[in-house]
Amino acid sequence: MSNMDAATARPAVDVVAPPIRNSVRALIVRQNHVLLLRKRGPGGVERYAMPGGGQDAGERLQDTLLRECREEIDTGVEILGLLHVAESFKRCNGKTARHRQQVEFVFYCRLPPDYAPRSGRKPDKHQVAVEWVGLQHLDDIDLRPAGMAMLVRQAALGDGPVYLGDL
């Protein structure tokens with residue numbers, strides 16, 4: 001297996017050395033709908049993501065999540081617990097085929113009862129809206145990172161593993 005990782009039989013990736021990027025996500029489910037950011041990328045392609053983002057140096061994961069929710073969905077959240085941890089290797093921007101390791105921490109959260117979807121004062125790059133999306137429509141949208149649709153459905157049912165491995 002010349003260019004394959006023997007343990008996983010997957011193509012080897014050229015990982016950019018430290019730092020590993022920690023990222024947090026808020027899974028917010030209400031009445032069979034999940035709160036998502038709608039984003040518009042290059043060429044107008046739409047994709048969705050849970051609120052959240054990268055951890056700053058010296059910042060606790062929970063503080064990161066609270067900050068990101070204020071910035072992206074214009075409200076604080078109540079963090080109910082850690083649901084899942086997953087790893088991914090994201091392609092770095094640029095001309096080289098290098099990747100960066102990212103560890104995603106997904107927390108189950110609750111919103112204030114009177115919350116209506118809206119973008120915060122510092123929305124995510126390419127964010128165009130905050131929307132409730134029905135759980136039955138998750139396979140119809142491009143929810144990032146890959147594998148999150150399954151994760152959201154499992155979490156809504158109170159099911160699924162905590163450590164997901166590589167997404």
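Me: How much accessible surface does the protein have, and what share belongs to carbon and sulfur atoms?
Reply: Welcome! This is a predicted model, where local features need pLDDT of at least 70, side-chain atom pairs count only at pLDDT 80 or more, and totals for chains, interfaces and linings use all residues. Residues are numbered from 1 along each chain as its sequence is written, and side-chain values use heavy atoms, with hydrogens and water left out. By the Shrake-Rupley method with a 1.4 Å probe, where for residues only the protein chains shown count as cover, the accessible surface is about 9300 Å², and the carbon and sulfur share is 51%.

Me: How many helices and strands does the protein have?
Reply: Both are DSSP runs numbered from the N terminus: helices are H or I with at least four residues, strands E with at least two. Counted that way, the protein has 2 helices and 12 strands.

Me: Which residue of β10 is the bridge partner of S23?
Reply: Two strands pair if DSSP finds at least two bridges between them. Strand β4 (residues 21–27) and strand β10 (residues 98–110) pair in the parallel sense over 7 bridges. On the β10 side, S23 has as its bridge partner E104.

Me: And which residue of β8 is the bridge partner of S23?
Reply: Strand β8 (residues 52–54) runs antiparallel to β4, and 3 bridges join them. In β8, S23 is partnered by G54.

Me: How many residues of β4 are buried?
Reply: Buried means under 20% relative accessible area, exposed over 50%, and partly exposed in between (1.4 Å probe, protein chains only). Strand β4 is mostly covered, and its buried residues number 5 of 7.
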